[in-house]
Amino acid sequence: MGGAVDAQSSAVRSFDAIIIGAGQAGPSMAGRLVGAGKRVAVIERLHFGGTCVNTGCKPTKTLVASAYAARMAQRAAEYGVVLNGAPGIDMTTVQARAEKIIQDGRAGIESWLGGMEGCTVLRGHARFTGPHTLEVGGEALTAPLIFINVGGRATVPDMPGLSDVPYLTNSAMVELATLPEHLVVIGGSYIGLEFAQMFRRFGARVTVIEKGPRLIAREDEDVSDAIRAILEAEGVEVRTGAECLSFAREGSGVAVRVGCMEGAPQVVGSHVLLAIGRRPNTDDLGLAAAGIATDARGYITVDDHLETGVPGVYALGDCNGRGAFTHTAYNDFEIVAANLLDGQDWKVSERIAGYALYTDPPLGRVGLTETQARATGRPLLVGFRPMTRVGRAVEKGETQGFMKAVVDAQTKRILGAAILGTGGDEAIHGLLDIMNANVPYTVFQRAVPIHPTVSELIPTLLAEMTPAQ
């Protein structure tokens with residue numbers, strides 16, 4: 001039977017496969033392998049579930065839900081709902097909701113792995129000692145198949161004064177049971193903006209400081225501008241062009257020297273959140289001893305089948321630099337399992353990129369941005385519709401944002417789309433599905449969408465496209 005054991009007390013063992021890390025891809029990989037009759041070891045050094053369960057998707061989207069409830073309570077009068085006094089926030093309860101989600105997720109995955117026939121769970125820190133050998137707590141393990149699923153963590157750069165002040169990362173934010181007086185968010189991208197909006201809705205003063213000229217620079221400028229306007233309308237202060245960031249203690253808080261061209265030269269906050277990127281957890285795995293290559297940022301180098309330069313050793317999830325999301329990590333598992341166990345030939349390069357930003361309203365994204373599509377030099381069709389012209393958004397009183405699609409005018413294939421608006425994270429899947437099916441956008445014209453929904457306007461959006469100028 002499966003079960004957890006103390007790595008120190010175990011004899012040297014051989015397995016058919018070893019999985020390092022119990023994040024999104026690892027447990028599912030174990031399930032497929034033991035189902036195929038293989039003896040599997042899963043090694044986890046800290047928490048089962050990886051980033052998603054412990055510090056990412058599950059707790060943060062739980063906090064987003066609490067922040068949305070707070071916002072709707074603040075807007076109650078607009079809907080004819082009368083509250084006896086202003087709504088309050090109990091941060092202890094808010095955080096407890098997130099903590100329960102975390103603990104339930106961890107326990108579920110640990111129980112699943114522990115109950116797998118043919119799966120041995122080892123707690124400890126795995127290090128390579130050779131191409132197919134590992135050491136865990138003094139014990140040597142070997143297997144012809146090894147899957148690295150170690151995830152990533154917040155980047156903490158070497159910025160002047162940072163080592164002298166207290167700061168938070170996303171991991172600490174989901175544990176925060178007190179409301180900051182003034183939260184200063186360093187980094188105007190996805191993680192930072194989600195925390196910025198939610199804590200503003202909880203009642204904190206929030207300032208976002210971004211080094212670049214605009215927020216979420218990988219998105220089109222109209223998307224960036226719209227999200228900034230949404231945040232500023234709720235009272236989030238945004239400082240861009242912060243080229244000369246430095247930190248210093250200021251009483252009981254932290255002074256962030258901004259150096260922007262406009263505005264005060266520094267911002268003093270009670271709490272600082274670093275949200276300026278992620279790095280892979282690969283620096284302490286002994287990869288060099290195995291001959292496993294990494295790039296300059298520490299991501300494990302893999303081929304189109306997610307295999308490293310060492311035959312039989314694969315890297316899945318955030319540590320391979322081929323995707324930074326729970327769904328891409330799971331798809332990594334699907335790709336490797338299909339190829340190894342089902343005789344398929346799936347390639348990571350065939351994956352169509354899709355993701356969401358969970359501000360409110362959310363941004364659903366798939367494929368190329370308009371800027372990227374224009375850079376290809378292809379003749380394009382572009383469709384644009386503000387959410388003020390989407391009936392479902394009007395009925396809900398949530399008309400911020402817009403939907404946009406970009407199509408190759410010759411092949412009639414959708415190249416990319418963005419839906420910034422209520423339900424955008426769900427509605428984007430209609431476009432994603434058409435792209436995965438590799439059929440012309442005109443297929444949408446035969447659809448009979450449900451009314452009233454956000455998705456029902458996608459065929460209209462595509463029907464009203466015009467040539468890009």
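## Cavities

A search of the whole structure, a predicted model, turns up two cavities of 30 Å³ or more. A cavity here is a set of points, on a 1 Å grid over the protein atoms alone, where a 1.4 Å probe fits but cannot get out. Lining residues have an atom within 4 Å of a point.

## Largest cavity

Its volume is about 60 Å³. The lining includes Glu 219, Asp 220, Arg 365, Glu 370 and Lys 404. Five lining residues are nonpolar, two polar and five charged. Strands β23 (402-408) and β24 (414-420) each give two or more residues. β24 gives the most, with three.

## Second largest cavity

This one holds about 50 Å³ of space. Among its lining residues are Val 64, Tyr 68, Met 198, Arg 201 and Asp 360. Helices α3 (57-74) and α6 (190-202) each supply two or more. α6 leads with four.

## Nonpolar cores

A nonpolar core joins buried (under 20% relative accessible area, 1.4 Å probe, protein chains only) Ala, Val, Leu, Ile, Met, Phe, Trp, Tyr and Cys residues through side-chain atoms within 4.5 Å. The largest core has 52 residues; Ile 18, Leu 113, Phe 128, Phe 147 and Ile 148 touch the most other members. Helix α1 (residues 25-35) contributes the largest share, five residues. Another core, of 39 residues, lies apart and includes Val 206 and Tyr 355.

## Basis

Residues are numbered from 1 along each chain as its sequence is written, and side-chain values use heavy atoms, without hydrogens or water. Local features need pLDDT of at least 70 and side-chain atom pairs pLDDT 80 or more, while totals for chains, interfaces and linings use all residues.

Terms used. Buried < 20%, exposed > 50% of the residue type's maximum accessible area, 1.4 Å probe, protein only. 1 Å grid on protein atoms, 1.4 Å probe; cavity = no way out; pocket = protein on both sides within 12 Å on 5 of 7 lines; lining within 4 Å. Points joined across faces, edges and corners; volume = space filled by probe spheres on them. Nonpolar A, V, L, I, M, F, W, Y, C, P; charged D, E, K, R; others polar.
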